[in-house]
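Trainee: I have not seen this structure before. Please take me through it by question and answer.

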Amino acid sequence: MNARRLSRSLMLLTPLLAGCATQVAPWERGHLARPEMALEPYPLEASFRQHVFFSKESVSGGYGVGGGGCGCN
């Protein structure tokens, strides 16, 4: 049973890990450094959304720091 799980896991993980072994050529790194390739393409909007989330959730203890929920912290 465990050998079967192990073989299934290896079958699933092998294609995923094989894609990580690809080297990026120096001339391709410029494409990866573009802003649209970032995990968060709009950092200002993400910061605003994070602030709104923090302000709303701080009443119920969102990130561990309490606040009034007014957004002034």
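Trainee: How many salt bridges does the structure hold?
Mentor: Keep in mind that this is a predicted model. A salt bridge here needs a side-chain nitrogen of Lys or Arg within 4 Å of a carboxyl oxygen of Asp or Glu. The number of salt bridges in the structure is 1.

Trainee: Which residue forms a salt bridge with Glu-45?
Mentor: Look in helix H3, residues 43–57, where the two partners lie 4 residues apart, about one turn of the helix. The closest N and O atoms of the pair are 3.0 Å apart. The partner of Glu-45 is Arg-49.

Trainee: Is Arg-49 buried or exposed?
Mentor: Exposed means over 50% relative accessible area, and partly exposed lies between that and 20%. Glu-45, at 39%, therefore counts as partly exposed. Arg-49 has 56% relative accessibility, so Arg-49 counts as exposed.

Trainee: Which residues make the nonpolar surface patch of about 320 Å²?
Mentor: One member, Leu-13, is placed in helix H1, residues 2–18. The patch is made by Leu-13, Leu-16 and Leu-17.

Trainee: What share of the 73 residues in the chain is buried?
Mentor: The chain has 3 helices and 0 strands, in the order α-α-α from the N terminus. It exposes about 6700 Å², with carbon and sulfur atoms supplying 63% of that area. Buried residues, those under 20% relative accessible area, make up 4%.

Note on methods. Residues are numbered from 1 along each chain as its sequence is written. This is a predicted model: local features need pLDDT of at least 70, side-chain atom pairs count only at pLDDT 80 or more; totals for chains, interfaces and linings use all residues. Side-chain values use heavy atoms; hydrogens and water are left out. Patches are made of residues with over 30% relative accessible area and no salt bridge: like charges are joined within 9 Å, nonpolar side chains (Val, Leu, Ile, Met, Phe, Trp, Tyr) within 5 Å. Accessible areas come from the Shrake-Rupley method with a 1.4 Å probe; for residues, only the protein chains shown count as cover. Helices (H or I, at least four residues) and strands (E, at least two) are DSSP runs, numbered from the N terminus. Buried means under 20% relative accessible area, exposed over 50%, partly exposed in between (1.4 Å probe, protein chains only).
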